[in-house]
Amino acid sequence: MRNATRFRIIFALIVFAGSQWASAEDVAVIPPDELVYCTVCHGIQMRGNQNILAPRLSEMADWYVELQLNAFKNGWRGTHEADLPGMEMRPMAAALSASQITAAAQFVNATRSPLPEKTIDGDIAAGKRNYVSCAVCHGENGEGSPVLHAPALTGLDDWYLITQLRNYRDGIRGSNPADNYGVQMRATVQILGDDQAMLDVVRYITTLHSD
Amino acid sequence: MKNISRRNFLGMVGAAGGSSAIYKTSLAMGLLADTGPMAMLDLQRSAPGRKSVAILGAGIAGLTIAYELERVGYDCTIIEASHRVGGRNLTLRHGDIVDEMGQRQVCNFDDDPEMYFNAGPARLPGHHKRSMHYCKALQVPLQIKANINRAAYTHDTEHFDGKPMRLAEYIADARGFLSELLSKAIDKNAFDQPLSEEDQLRLRDFVRSYGDLDENGRYKGTSRAGYASGGFLSHGKIKQPIEFSALLDSNYWRRGLSSSENFDWGEPLMEAVGGMDNIVRGFVRNIKSPIVLHAQVQAIELQNQGIDVYYNHKGERKKLHADYCFNSIPTHLMKGIPNNFSKDYNDGLSALRPGNFFKIGLQIRERFWEREGIYGGITNTNQRINQIWYPSHGIHSQKGVLLGAYAFWDQSNFFERMTPEERIKFAGDAGNKIHKGYADYIEAGVSIPWGRMNHMMGCGGRMSPEDEETYFELIRQPEGGHYMVGDQISFHSSWQEGAFASAEYALLDLDQRVRATATGMG
């Protein structure tokens with residue numbers, strides 16, 4: 001039996017007044033106590049909280065969450081002094097056992113929340129051209145590829161995407177030789193060139209999850 | 001000195017003379033606003049059918065609102081995300097949990113009611129009238145807490161061979177030298193508008209008394225600094241004053257001189273006997289409303305009538321409908337909680353940025369500081385620990401709990417990156433530079449990074465001046481029946497008085513609405 005059944009998944013019909021509540025059917029996953037910590041920063045249902053630079057993680061593939069929690073735990077992420085939010089994340093991952101990491105990943109994967117708001121601008125057409133090199137691993141529609149260990153790019157906050165691209169570019173992420181996929185990504189990011197090219201490609205990626 | 005007007009000059013004297021003289025004068029003249037006893041809140045009783053209230057957060061603001069509203073017939077429910085009541089009013093004793101994100105600690109002090117550490121608010125000035133009011137109403141005994149102690153030290157690793165200096169000596173010499181400079185200026189009558197002879201005489205007297213100058217207006221040391229030797233069985237021998245240039249160069253004045261000038265830190269201060277959380281216990285004793293712990297708010301939804309609050313509790317998603325909601329959730333976490341507030345209101349909540357404080361509490365096996373003649377008060381240092389606080393209670397008992405570090409804002413990040421063990425070690429090493437063998441006396445320790453505490457992730461929120469202009473009033477006002485409260489919604493964040501004031505403001509606003517409705521004006 002899958003561990004995911006540990007979470008009570010409640011299908012509650014909640015009709016909210018505000019436009020961000022467009023989905024009438026809200027899937028609320030109730031985390032066990034030890035995983036409530038995740039939602040303190042990442043928000044209810046992992047919807048993200050830009051105020052404290054905690055990205056939206058709702059629905060993220062469990063294999064990738066697990067990979068990244070281990071990256072934090074191993075110190076591949078969250079050890080560079082320029083990565084303050086990463087340094088804030090690291091002790092949380094370090095405190096988790098292997099089975100807790102698996103449980104956390106399954107919890108994150110089960111969460112649902114509205115798609116993130118657009119917060120940055122860029123040239124969509126230029127971004128689409130730049131995206132060609134991204135698509136090789138992350139897929140035409142940003143759907144990701146577990147085989148290539150490339151995560152989906154849809155549903156992520158644009159401010160988080162640009163931060164991570166810059167982190168890869170500047171060696172804040174993907175510099176530890178043990179972090180194979182991170183090192184690969186760091187090398188690939190250099191193709192993008194200047195910051196504007198990165199903004200453009202992030203702007204394009206945000207169009208991929210519009211439907 | 002040529003460009004200083006007489007008026008400015010006298011202003012400078014006042015500034016150098018310290019706040020206490022000015023404070024006393026102001027008190028005598030009745031110039032101090034917002035002090036004196038707090039008027040009891042005279043709230044209108046809830047209409048028949050009992051109005052319901054959802055209170056989010058069981059800190060000082062939430063508890064105050066429950067206490068006041070249930071007394072006038074409201075049906076209150078307090079929803080608290082963490083494992084405990086009290087919010088940032090946190091006193092740590094044996095076995096208490098410090099729920100730091102990723103680094104949960106258990107307080108390892110002795111199982112002894114005297115071994116406690118106020119990890120949040122630790123000082124109460126008498127002019128915090130709401131705090132005084134509730135301590136009195138809830139029968140929470142208070143005691144004097146020494147904040148400034150002239151026998152404590154000011155310390156700088158870079159100056160005076162890194163040796164700590166008694167505050168008494170530093171303050172006496174600094175004032176002596178400043179007074180001598182003023183005295184010389186009077187001799188030359190070196191002001192853009194000459195002083196009258198009468199003013200000169202008065203000023204000369206003032207300066208001589210302020211700095212303890214000799215007949216010629218010169219500073220030659222003073223007994224105020226403490227004697228070099230003698231004083232009881234023989235005449236006391238005056239200490240040689242510190243070189244004035246060395247004194248200026250030392251930067252001690254940044255810490256040593258001005259620490260008691262802040263109005264909120266002016267002596268005497270108080271603390272709750274047995275731990276600051278006795279205020280929380282006082283509320284809990286006097287509140288009947290249910291307090292639901294481990295209940296994280298999942299969504300807040302304004303309805304045409306009232307508010308729906310969703311929260312998780314014991315693996316169930318619950319819904320609480322209430323006529324009014326008082327919300328003290330840290331505003332920087334509100335973006336992560338689904339709600340249907342207006343965009344402006346949410347923007348205002350996001351504009352309030354979290355601050356950050358960090359404290360270490362150390363259990364000490366033997367009260368070594370008392371052998372150095374220190375009873376209570378604070379030593380200041382240029383090291384990252386900033387301060388050491390000596391307890392005002394338990395004098396001459398065997399053990400005591402010191403504050404071993406108090407870092408503010410960005411300084412706190414340095415300690416946050418450490419493990420709890422590393423923090424205690426760091427505090428011990430820093431203390432060794434001030435007190436011989438300091439680290440060896442440490443038996444146990446806890447560290448509290450408020451920027452890493454579960455369900456808080458910060459404390460003492462502030463807005464930029466521009467955002468304050470745009471948003472403060474907006475988020476202080478209710479959105480429908482929803483009020484944001486807590487010290488964060490005050491001009492005195494990080495003080496319990498800020499939380500009391502915010503609660504009072506919201507309650508009076510509610511009362512006004514209720515009364516207007518009752519008389520058909522609403």
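Into which domains is chain B divided? I looked this up before anything else. The assignment gives domain 1 (6–30 + 160–250), domain 2 (52–84 + 286–351 + 460–518) and domain 3 (91–152 + 267–276 + 357–452). These bounds come from an automatic or database domain assignment.

Ground rules for the entries. I am reading a predicted model, in which local features need pLDDT of at least 70, side-chain atom pairs count only at pLDDT 80 or more, and totals for chains, interfaces and linings use all residues. Residues are numbered from 1 along each chain as its sequence is written, while chains are lettered from A and ligands numbered from 1 in the order in which they are written.

**Entry: domains 2 and 3 of chain B**

I took the centres over C-alpha atoms and found domain 2 and domain 3 of chain B separated by 30 Å. The contact between them involves 11 residues of domain 2 and nine residues of domain 3. I count two residues as in contact if their C-beta atoms, placed from the backbone, lie within 7 Å. On the domain 2 side, helix H15 (residues 496–518) of chain B supplies the largest share, five residues. Helices (H or I, at least four residues) and strands (E, at least two) are DSSP runs, numbered from the N terminus. By class, that side of domain 2 holds three nonpolar, six polar and two charged residues. Here Ala, Val, Leu, Ile, Met, Phe, Trp, Tyr, Cys and Pro count as nonpolar, Asp, Glu, Lys and Arg as charged, and the others, Gly among them, as polar.

**Entry: chain B against chain A**

I found 22 residues of chain B in contact with 26 residues of chain A. Strand E15 (residues 296–302) of chain B gives the most to the chain B side, with four residues. That side divides into six nonpolar, 12 polar and four charged residues.

Glu301(B) lies in strand E15 of chain B. Is Glu301(B) buried or exposed? It counts as buried because it has 22 C-beta neighbours inside 10 Å. The cut-offs are 20 or more other C-beta atoms within 10 Å for buried, 12 or fewer for exposed, and partly exposed in between, with C-beta atoms placed from the backbone. I also checked His321(B), 20 residues from Glu301(B) along the chain: their C-alpha atoms are separated by 9.5 Å.

**Entry: a sheet in chain B**

I traced an open sheet of five strands in chain B, in the order E14-E2-E1-E18-E26, with parallel pairing. Two strands pair if DSSP finds at least two bridges between them. Strand E14 (291–292) and strand E26 (482–484) of chain B are the edge strands, each pairing on one side only. Strand E1 (residues 52–56) and strand E2 (residues 75–79) of chain B pair over five bridges. One of the partners I looked up is Asp75(B) in E2(B), bridged with Ser52(B).

**Entry: helix H5 of chain B**

Helix H5 (residues 167–188) of chain B has 22 residues and reaches 32 Å from its first C-alpha to its last, close to the 32 Å expected. The expected span is 1.5 Å times one less than the number of residues. Asn189(B) follows H5(B) with a positive phi, near 45°.

**Entry: chain A**

I noted eight helices and two strands in chain A. From the N terminus on, they run β-β-α-α-α-α-α-α-α-α. Of the 211 residues of chain A, 43% count as buried. The domain assignment gives domain 1 (3–110) and domain 2 (124–208). Their contact takes 17 residues from domain 1 and 17 residues from domain 2 of chain A.
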